[in-house]
Amino acid sequence: MIREVTGIRKIRMLYLQLLYRCNFTCLHCFHGKRLQYADAFTSDEAASLLTLMRDEYGTEEVTLLGGEPFVHRDLPQIVRHAKEELGQRVEICTNGYRIERRLTEIAPHLDLLRVSLEGVGSTNDGIRRHGSYQSALNALSLARDLGVPTGATMTVTSRNIGEVLPLAGILARLGVRQLKLHHLRPVGNAADHPELLVTEPAAYGRLREELASADLPLEVIVDEDLSENGAPQLCAPTGGPREIDRIEADPRGALTMSCKAVGKDSHAFWYEKSAGRIVHQPSATDELTLAVPDVVYARA
């Protein structure tokens, strides 16, 4: 259905939000009240979508996230299906909170563990959860010992913009290969915490300059939004692409190809779980623009 409507023939990666439920209520979480929703993929539903995307769009990679994917009871089965049955590269994005037992179980099938952190020590814990900083570091250390490559994400806010470089140094010493920096969008929980917004646009420019001049032993990738002028509104080339980098499925089955749709109900396509098919449901609020490329600022 996506091919018929858009002309897109290949989608390299699926971002699969397995469930809304989470053991954190982070101040900046874009899901907001949806964290309380029961929507989730069963293992069979997830496997069916993964198989469909591989067979129809040549999808090579899956990133499993939530909510918190490690609280999904069938996570090991989903990981094994993607890796062993479909031959896909599997990444999990997690808060890293007390995941040691399940991480050990799925480690042989995992290509990357990405842990979210929002600064160093109390800065992180004040945004995420008390004790979450040390727990995240423990998870990264265990993954390293298990032979699982690791990465991290950080949403840049007014509280932590000065801790990007210190955190990068700490992560590098743990063997973390990559740090992704995201722009904070005022949706979900972040809408109730405007104090987290970086209100001085030039601050992003200074951050970019610091990253460009720093001799960091890991790769740092930033959102295009983290610039003084922001990202362009229209991301797709004229006439539309035949291949895109990713599509994201939320726990209801709603599909989006645009990072600009975060926190909104603007989806032209849905995965009907019961029927195992993708359908087109256009509306006046559809967003079919594509996410702009991330920018690499430092590389090992």
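Q: How many bridges join strand β5 to strand β6?
A: This is a predicted model, in which local features need pLDDT of at least 70, side-chain atom pairs count only at pLDDT 80 or more, and totals for chains, interfaces and linings use all residues. Residues are numbered from 1 along each chain as its sequence is written, and side-chain values use heavy atoms, with hydrogens and water left out. Helices (H or I, at least four residues) and strands (E, at least two) are DSSP runs numbered from the N terminus, and two strands pair if DSSP finds at least two bridges between them. Strands β5 (residues 150-156) and β6 (residues 178-183) run parallel, and the number of bridges that join them is six.

Q: Through which helix does the chain cross from β5 to β6?
A: Within this strand pair, Met154 stands opposite Leu181 in β6. The β-α-β crossover from β5 to β6 is right-handed; that is, with the strands pointing away from the viewer, the path from the first strand over the helix to the second runs clockwise. The helix that carries the chain across, at residues 164-173, is α7.

Q: Which residue in β7 does Leu179 stand opposite?
A: Strand β7 (residues 219-222) pairs with β6 in the parallel sense over four bridges. The chain crosses from β6 to β7 through helix α8 (residues 202-213), and this crossover is right-handed. In this pairing, the residue opposite Leu179 is Val220.

Q: Which residue just after α2 takes a positive phi?
A: Helix α2 (residues 43-57) has 15 residues and reaches 21 Å from its first C-alpha to its last, close to the 21 Å expected at 1.5 Å a residue; the expected span is 1.5 Å times one less than the number of residues. Its buried residues (under 20% relative accessible area; exposed is over 50%, partly exposed in between, with a 1.4 Å probe and protein chains only) include Ala46, Leu50, Met53 and Tyr57. Just after the helix, the residue with a positive phi of about 60° is Gly58.

Q: How many residues apart in sequence are the parts that Arg12 and Asp245 tie together?
A: A search of the whole structure finds 15 salt bridges, each a side-chain nitrogen of Lys or Arg within 4 Å of a carboxyl oxygen of Asp or Glu. One of them joins the side chains of Arg12 and Asp245 at 2.6 Å, N to O. Because Arg12 lies in strand β1 (residues 10-17) and Asp245 in strand β8 (residues 243-249), the distance in sequence is 233 residues.

Q: Which residues do salt bridges that share partners join into one network?
A: Arg206 forms a salt bridge with Glu200, the closest N and O atoms being 3.0 Å apart. Salt bridges that share partners form one network, whose members are Arg12, Glu61, Arg89, Glu91, Arg114 and Asp245.

Q: Why is the pair of Tyr20 and Tyr37 described as it is, and what is its geometry?
A: The structure holds three aromatic pairs, and rings of Phe, Tyr and Trp (its six-membered ring) pair if their centres lie within 6.5 Å, planes under 30 degrees apart counting as stacked, over 60 as edge-to-face and the rest as tilted. The centres of Tyr20 and Tyr37 are 6.0 Å apart and their planes lie at 90°, so the geometry is edge-to-face.

Q: How many residues apart in sequence are the parts that Phe24 and Tyr97 tie together?
A: Phe24 and Tyr97 form an edge-to-face aromatic pair, 5.3 Å centre to centre with 65° between the planes. Both Phe24 and Tyr97 are buried. Since Phe24 lies in the loop between β1 and α2 and Tyr97 in the loop between β3 and α4 (100-106), the separation in sequence is 73 residues.

Q: Over the ring of which residue does the charged end of Lys273 sit?
A: A charge sits over a ring if NZ of Lys or CZ of Arg is within 6 Å of the ring centre and within 35 degrees of the ring normal. The charged end of Arg246 sits over the ring of Tyr15, 4.2 Å from its centre. For Lys273, at 4.4 Å from the ring centre, the residue is Phe41.
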